[in-house]
Structures are given as structure tokens and as C-alpha cells.
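Here's a quick tour of the assembly, chain by chain and then contact by contact. Keep the viewer open and follow along.

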Amino acid sequence: MDIVYSVLPPQFLSQVLVGLSRTTILFIVASGLSLILGVLRIPNVAHGSLYMIGAFVSYSIAKLFGGGPSSYWWALLITPFVIALISFVVERGVFQFLYEREHLMLLLLTFAFSLVFGDLVKLIWGVEYKSVPVPGAFQGFVPLFGGIPFPLYNLFLLCVGPVVALILWFIVNKTKIGKISRAAAVDREMVGAVGINVSWVFATVFVIGCLLAGLGGVLVAPTVSVTLGMDHTLIIEAFLIVIIGGLGNIWGALLGALIFGLSQSLGILLWPKFGIVIPYLAVVVVLLIKPTGLLKSTW
Amino acid sequence: MLRVESLSKSFEGFKAVNNANLHVEKGEIVAVIGPNGAGKTTLFNLITGVLKPDNGKVYFKGEDITGLPPHEIFKKRISRSFQVVNLFPRLSVFENVQIAILSREGKTWNLFSPSKKFAIEETEEILERVGLIDKRNRISALLSHGDQKVLEIAIALGGKPEFLIFDEPTAGMSPEETSRCIELIKHLSEKMGLTILFCEHDMEIVFGIANRIMVMVRGSTIIQGSCEEVRCNKAVQDAYLGGGDECSV
Amino acid sequence: MKGNLLGRKGLLTGVIIILFLFILPFIFPRFYIYMTSIILLTGLLASSCNIALGFGGIYQFHHAVFYGAGAYAAALIITKSSLSPWIAFAAGPIVSAIIGLIMGIISIRLSKLYFGMLQVSLGSLVWVIVYRWYSFTGGDDGIHGIPLPEILSSANGAYYFTLFITGLSMFVLYRILKSPFGSVLQGIRDNPLRSGIIGVNVKRHQLMTLVIASFFAGVAGTLFVVVDNTVFPDMLFWTLSMEIVIMCLLGGWFTFFGPMLGAAALVALRTFVSSFTVYWALILGILFTLVIFFLPNGILGYIEQKFKKGTEVSVDRG
């Protein structure tokens, strides 16, 4: 091990793991965004709001179940479905009437919703910070890489990422809805012409995408202070990830999240003051080389 | 004036234009005919630089213009109209034509003088010629389909062309609009001395106004010649005209 | 032609509005003078964005960057150098224009949504730098109490300066739109392909448009320094950019004065709504949704449609 450490210092390895657990959150949120962009062509700014609402809802559910160490599991189980329900109502109630409008209008509409969602959160939960308990089994730290303590919960996140990716892969490639939505992404008229109700396909994809945003919110909740405005930077990051990965491409979202998450954590290690600039620079570099994203876009 | 030599273009293996040959002399009206999918529009796109050919050469007045970008071709005084209406929908009829003239004269970088002062006479003259002067202030998206097709031609004229290419100029027009459009094309040729290349499905129009005809089938030139030669050609009759013997020579 | 005053009635309205703006400080209390100054400069900001967005068809999604950059450039020159504030005021717009040029060169290769997203990522980079560089920009505190020349330090002085510069800028923008360049720009918006075919260098015209738009955003930013004496990083944040786009939409983005009207409506609404509730964003969000559904051409666009039947048309720019 010492040979490894002489090349790659333990702080570095530890920071890579931090970056990877950050990647998990970014990937889950961005893949939902990418799914909605790819199939419905909606640049959904309200996606970040659903992530924030996910975090707040998980706080309330955890509190409802006593707020103890195990209450988090209930939150993890229930919250995504609450978010799915909200997004279902929004999609059927408003968004479905605007699919034919240009992207700019959709962008503004979703921005309007993000304003509404933001204030609703303020109305329901107030402006104070909230904290969500770390689940019992993952409290505390483990010594890793030369004894540097590493939060157990982040290890949990590292395992969740691949699981979500696998489930998504299965849904997109192996299920009927996945196949239909991939076809609809390429040619919606054709899918409509063969007798499939495109409107409901869109609704389903939208709900799945938003559910991922909510899931991201629940997963991140124990690691941060849950607060208003947590949606603002995340949505930009998620959009950048989707863009550098290739619009609508879920593996692109994974690749983009890796680039963003790792450059963020390593940037902070190398250059504490301006580390946060590094991922943005990375995005610009990627886009200079491949303006339409690294992987094939579905557009 | 225009010479196309063994021009070819394929899309993912499909040979849209395959070894096409064509020559047009100054002052002529030449028609390209052929069944749907014969590659007529692709041929026009290759000549006007919208597409780049895989093989072959295009010469204009002896100069090699193969593969030049569309705006260079435009500057060589080759203008075209499009099969599908391709206008500036939110601008007025007048502005549609004026833009082409401004561009030709290199005035597009003038930021501070009102456009109202530029190219008024020339624009009005063109609109007069094509018969759209009464509708000069109408928004072009609100014109009838026939008027939009005529406006297409008017924009092309804004480039002060010597050579005009019309892609199915009368497609979708009513019978009156069609006869007006034919008169316009004849006028451009006779009064302005312009050289015209066009493609058209309506054989009556083709034989009515063309000096010569080029027949394209599956991307290749079958024959090029006068109307009579084409009408009498056995291959053309088999492939396209349906075999009827209308030969009068 | 779009963006036109509505004939004689429009001219009369314009004269009345200008007269009103001139005598406003004599009638209304200080608070309204401040608010009107903010409306004017925000209106200029939205109008400059709309040059690219409504008239150029360019998805300028992060216009706030140029506003903030101009404001920061002016503020930093005033506070960190011994140069005259007037030089700082001139430098603000120029810095914005240069940033606009650089960002434009990088992103103009792409179109529509991709272009907008690249603007957002480059703009976020600028924002992050301003936000994190505590020692230079003051980080998230911003810079406060920026000293101004004597003549501008009173509310009225700042107001008349803002009124004059905004008026002048709007006049220049109007001239540009009515120039051959402006005609060609609108042609590019309507049909970039055909514009290219008739010999227009589409990308270069769009780039010029971006430089013009960011220059005048910088003018607006500099005016903010004059009116408010502060700068803060939220001036470059993407949410403000979205609000700018909404102002354009609200007023009507195929009209010249629409964005100014949209800005006035938004600033006034925010000022009054937030005086009785903290949930003004909720109200604005609902309002925007209604506008998107029922007034897709904005307030002025709707009026034009009503009064000039047959000449205006709603062509969805897909």
C-alpha cells in the first residue's frame, strides 16, 4: 500500500471517493433531467426545485417517523413517490398543453414553476436550515487510505450510484416503456402513428425523471443542511452535466457527472480557494472540443 | 455559361446524383425533368453550394465553382428559388427583397443609417416586375402560397443574377397563378436576358417554355437536347413519358 | 414594421411619457424616483437582451453576466484605482462588450438551445469567479458605498443621468434595428439558411449582435452602480437572466418597447407585492405561467395584433 500512497497520496484517494459520492448525486439528478430533455424536449429548470423539495419532504417524513436513526429509511422509501405525485399533477395539469411550443417558452415556464416551488417550500418549511438524520447503519466514519476517516454514509452513496445506473439501464433498454420512449425521442410522429398514446408516454417519462430528482434530494439530505436555494446551483450543474454528456443520453449524464464531481473534489484539494471554478472550466474545455457533448445526443 | 461535368453525390450509400452532365448556354431556358427522386433538387443543391459534391466539376463562365459555399455562389450572380417556400416569414414583402439587395451590395454592416434609404428603387422595380408591388407592406407569411413562390423568385432577383435556378417554381399554384408565373419566367428570359435552369413536373410547362431539356433518371443524365429530341428519345419514353409515340419529327 | 410606434397615438403617448419622466422628481417622493431609475436601467437591460433574443433569434440565456460584469468593472475601477469615475463608467460597457465578444466567439458555433446552454456555462464561470474571489470582488458581500462624482450623488442627479443615458441608448438601439444591419439581423432570425444563401455571413452578424447586446447590458450595469452605489454577485446569477428573458416575453419580444414595458411591470410589481408579502416569487411565477399561456406575444405584441390586424402575425419560431 505504501507504494501506492507514494504515487497517490491518501488525501488524494480520499478526495476521489468524496468526488465519486458527489458524482452519485449529480448523476441521479442529471440523468432525470437528461431523460426529460431527450424524450420530451423540455429544458426543465424546475428539476432543481424537485430535488430541493425531495430533501425537505425527506426531513418531514423522517420527523414523522420519530426522527431517529432509522427514520431515514422511511424517508428514502416514501419521498420519491411524493415527488412523482407532484410531477404527475404538474405534467397533466400544465406541461402537457405546451409540448408543441418552442424550447424558450418551455424553459421560461419551468422557470416560473421553480419560482412557485421555491416559495411553496418557504411557505411550508420556513427559511431555517433543516437537518436530516444519517441512517443508523451508516453513522460515523471508517478509516480508509492511511487512516484518513471517511464518512460511512458516503460509502453508502457510492453503492447507490451503480444500482441506480443499472436500474435505469434496465428501464431504458429492456422494458417496453423504455423502448417506446427511445423511439419517441427520435420521431414522435411515428410513435403516435403506430397507435401509441404519446401523451401518456411523455407523462411516464416526466414522472420517472422527476422521481430521480426527488431521489437525489433524499440521498443528499443527510450530508448537507437542507435549505432554500439549494436548487439554484444544482440545476446549473445538472444542466452542464447533461450538455457535456450529450443531450438525452443517460450514459452521457454519468460521464458528465464523473467529470464534474471529480474535478470539483480534486479542484478543492489542489486549489482550495478557486477549486469550485475547476468543474466549470472543465465544462468549457469539453464544449470547446466537442460542442455537442461527449456522447451521442438523442436530438 | 454553366457546365456540369460528371457530378456525383451519395447519401449513406444511396447515389442521389450519379454522373450527371449538363450544359446551359447564355440566354437559354433549360428544364431538368425526371421522375420523383431522380435527384433534381440534389443537383440544384450541388450547383448552388448547399451540398458539396463527392465527384465532378461545376464551371460557371469557364470558372471552376465546384464546392463553393452558397454565399460565394450568390456573389457569382447565380440565384435560386426553393421548392419549399423559404422566405423571411416575419418580414414584409419589401424587406424580403431588400435584404437580398443589401447583402449583394455589401451594406449589411451599416449600423446607423435607416434601411429606408437603401435600395428603394431597385426593390420596387423587382416587385413591379413580379407583380407584388401592391402587397409590398404585407408580412410575407400571410401571403397566398402562389405569391410566396413568386416572392421566392423576387428574392432571387435581388442578387442581380445572370443565372437563375428555379426548383419547381409552379408547384402548388392555382392555374391562374401558374400561367402568371410562366409569363414571369418568359419575361425574365426575353426582357432581361437571363439564363434560366429549372425543374418542373408539368410537361406542358416544360415543353412550353424550355429551349432544351435534360432528363434525369436515378441520378444520371439520360439525355440532353432540344424538346423534339427528348420527346422522340426511346429511353425517355420508356423511363418517363410512358411510351406514347408523340414524335413529330 | 414591428416595433413601430402605433402612429400618431403612439407618438402622443411617447411625448406624454417623456414629459412625465422629466417632471417626476418634482411630484413624487424619493422612493419613486429610485424605483423609476431602476425601471429605466432594467428596461435598458431587457431591451439590450431582446436585440439578440427577439430580433436576432439568438438564445441569449445568460444576459445578466454582461450586466454584472459592467457593474463590477465600473465599481472596481472606482474603488481600486485612482482613475476618474467617469472613466470607470465608460469602461464598464466596454468590459461587458469584450466579455460578450469572447463568450460569443466560443458559443456562436452552436445554435439555439446548445448556444444558450454554452452561454450559461461560460456565464456561470464568470459568476463563480466573482463569487469566490473575496479579496478582489468582495465575494458574496459585493461592494458597497461606491463613491460617485458630486453631480450624481443626489437621487435626482442619478435619476436624470439614468434617464438621459437610457434614452440615448434606446435611441441608438432603435437606429441599429432600423439600419440595414438590423434588417439583415431579423432576416437571419427568420431564416438563417436563406440568409446565408443570399450572401450574408450569418455567424459574424450574430456575433456583432452579441457584442452590441452585451455593451448595452454593461451600460445598464454601470447605471445600477450610479443609482444604487452597490454591486453584488447576484447581478450575474442565472436567475436574473431568466427574469430578463421573462421581461422580454411579458412586454412582447417582437416589439421594440416591449422589454422596457415588461421591465417596468416586473420591477413595479415586485416592489409593491414584496411590500405586503414575502411570497412575491410565488405570485410572479403564477403570473408568468398565465402570460406564457395566454399572451405568448406579450403585452405590446397583443396590442399591435389588436390594432394592426392583417399585418402582424404570430409565427412560432420553432
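Which pattern does chain C follow when read along the sequence? Chain C goes α-α-α-α-α-α-α-α-α-α-α-α-α-α, and the tally is 14 helices and zero strands. Bear in mind that this is a predicted model.

**Chain C on its own**

- A compact globule of 318 residues would have a radius of gyration near 20 Å, and chain C comes in at 19 Å, so the two agree.
- The C-alpha trace of chain C spans about 55 × 45 × 35 Å along its principal axes.
- Of the 318 residues in chain C, 56% are buried.
- If you take the contacts in chain C between residues at least 6 apart in sequence, 77% of them join residues at least 24 apart.

**Chain A on its own**

- Chain A has twelve helices and two strands.
- Walking along the sequence of chain A, you'd read α-α-α-α-α-β-β-α-α-α-α-α-α-α.
- For 299 residues, a compact globule would have a radius of gyration near 19 Å; chain A has 19 Å, which agrees.
- Along the principal axes, the C-alpha trace of chain A covers about 65 × 50 × 35 Å.
- Buried residues account for 49% of the 299 in chain A.
- Among contacts in chain A with a separation of 6 or more, 79% are between residues 24 or more positions apart.

**Where chain A meets chain C**

- Chain A puts 34 residues into this contact and chain C puts in 36 residues.
- On the chain A side, the elements giving two or more residues are helix H5 (103-125), helix H10 (230-245) and helix H12 (277-289).
- H5(A) supplies the largest share of that side, at 15 residues.
- Sorted by class, the side of chain A that touches chain C has 26 nonpolar, four polar and four charged residues.

**A helix pair across that contact**

- H10(A) and helix H5 (residues 112-132) of chain C have axes that come within 10 Å and cross at roughly 125 degrees.
- That angle makes H10(A) oblique to H5(C).
- The crossing of H10(A) and H5(C) is left-handed.
- To find it in the viewer, look for A:Ile236, A:Phe239, A:Leu240 and A:Ile243 from H10(A), with C:Met117, C:Val120, C:Ser121 and C:Ser124 from H5(C).
- The contact of H10(A) with H5(C) has six nonpolar, two polar and no charged residues.

**Where chain C meets chain B**

- Here 24 residues come from chain C and 33 residues from chain B.
- On the chain C side, helix H7 (155-178), helix H8 (180-190) and helix H9 (192-197) are the elements that give two or more residues.
- H8(C) gives the most to that side, with eight residues.
- By class, the side of chain C that touches chain B splits into ten nonpolar, ten polar and four charged residues.

**A helix pair inside chain C**

- Helix H2 (residues 30-55) and helix H11 (residues 238-251) of chain C pack at about 80 degrees, with their axes 9 Å apart.
- H2(C) and H11(C) are therefore roughly perpendicular to each other.
- From H2(C), C:Leu45, C:Ala46, C:Cys49, C:Asn50, C:Leu53 and C:Gly54 take part, and they meet C:Ile244, C:Val245, C:Met247 and C:Cys248 in H11(C).
- The contact of H2(C) with H11(C) contains eight nonpolar and two polar residues, and no charged ones.

- Most residues other than glycine have a negative phi.
- B:Ala119 has a positive phi of about 55 degrees, though it is not a glycine.
- You'll find B:Ala119 in the loop between helix H3 (93-104) and helix H4 (120-130) of chain B.
- B:Ala119 counts as buried because it has 22 other C-beta atoms within 10 Å, and the cut-off is 20 or more.
- B:Glu168 also isn't a glycine, and its phi is positive, at about 45 degrees.
- B:Glu168 sits in the loop between strand E7 (163-167) and helix H6 (175-190) of chain B.
- With 20 other C-beta atoms within 10 Å, B:Glu168 is buried too.

Methods. Residues numbered from 1 in each chain as written. Chains lettered and ligands numbered in written order. Predicted model: local features only at pLDDT ≥ 70, side-chain atom pairs only at ≥ 80, totals over all residues. Helix = DSSP H or I, 4+ residues; strand = E, 2+ residues; numbered from the N terminus. Rg over C-alpha atoms; globule rule 2.2 N^0.38 Å. Buried ≥ 20, exposed ≤ 12 C-beta atoms within 10 Å, placed from the backbone. Contact = placed C-beta atoms within 7 Å. Nonpolar A, V, L, I, M, F, W, Y, C, P; charged D, E, K, R; others polar. Axes fitted to C-alpha atoms, helices over the stretch in contact; angles between N-to-C directions. Parallel < 35°, antiparallel > 145°, perpendicular 65-115°, else oblique. Left-handed = near helix turned anticlockwise from the far one by under 90°.
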